[in-house]
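Hello,

I am passing a structure on to you, with a few notes on what turned up in it. Please have a look at it first and then read on.

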Amino acid sequence: MASLNPSGYEKFSGSPPKQGQKAATTGIPLSSSNQYFNESCESNTRLQTKTRVPWSSGLCDCFSDWRNCCITCWCPCVTFGQIAEIVDKGSSSCGVNGALYTLIACVTGCACCYSCFYRSKMGQQYMLKKHPCGDCLVHCCCEYCALCQEYRELKTRGYDLSIGWHGNMEKRSREVAMTPIPPVVEDGMSR
C-alpha cells in the first residue's frame, strides 16, 4: 500500500479511528480481529478439538502377532525402523532409523529414549490416548511391548510395514486407480 507520508512511514497517534474513518497504516494490529482472523474463530477451534481414541490393541497383546513379537524380541531395530518410516511419512528410511536405534542402544543402552519420541509423534498423528501411562515411561519399562503395539496399530490402520511408506502410497494409488467410477446420470435421463 502506498504511503502518503514522504518518509514512507506513518506514525499512529491518538486514539483508534472511529467507525467509518480510515485507519492509518502502521503494520501494528489495532485489535485481534481482522478479515482473516477473529477471536470467535479461536474459541470455536478449541471447542472442536478431537477427543483421543484408545489403541486398537493392548500393550501386552504382543502374541496376537507372534511373528512381529519374535522379530521385535531378537532385533527391535527392524520393528523400530519400520514404524519410524511410516510415522515420518517416508522422510526417513527404515534402514537409517534402525541403524540409529542400534547405535544409540549400543552406545547408551537406552534406545527407549529415542523410540519414545516416535510413540509421541504417532499418538499426535492418530489422536491416541496415552495409556497406561506417558509415552516415555511406556518405552522405558516395556520397550518391546510398546514397539509391538505401535506395529499392530499401524497394521490395523491399513499399513503394510514390510513395504515401507512409499510402497504403501503406491499400493493405495493403484487401489484408487482401479476403483471403478460409476457413470454420471443426469436428472430425467434413463440408463
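Which residues does the UniProt annotation "transmembrane region" cover? According to the unreviewed entry, the annotation covers residues 98–117; such annotations may be inferred rather than shown by experiment, feature names are shortened, and positions are given in the numbering used here.

Two notes on the basis: this is a predicted model, where local features need pLDDT of at least 70, side-chain atom pairs count only at pLDDT 80 or more, and totals for chains, interfaces and linings use all residues. Residues are numbered from 1 along each chain as its sequence is written, and side-chain values use heavy atoms, with hydrogens and water left out.

Now to the aromatic residues. Five aromatic pairs are present (ring centres of Phe, Tyr or Trp, the latter by its six-membered ring, within 6.5 Å; planes under 30 degrees apart are stacked, over 60 edge-to-face, the rest tilted). One of them is the stacked pair of Phe80 and Tyr101, at 4.9 Å centre to centre with 25° between the planes. This pair links distant parts of the chain, helix α3 (residues 76–87) and helix α4, 21 residues apart (helices are DSSP runs of H or I, at least four residues, numbered from the N terminus). Phe80 is buried, with a relative accessible area of 0% (buried means under 20%, with a 1.4 Å probe and protein chains only; exposed is over 50%, partly exposed in between). Tyr101 is buried too, at 4%.

Phe80 also pairs with Tyr118: the centres are 5.3 Å apart and the planes at 85°, so this pair is edge-to-face. Phe80, Tyr101, Tyr114 and Tyr118 form one aromatic cluster.

Enjoy exploring!

Methods. Helices (H or I, at least four residues) and strands (E, at least two) are DSSP runs, numbered from the N terminus.
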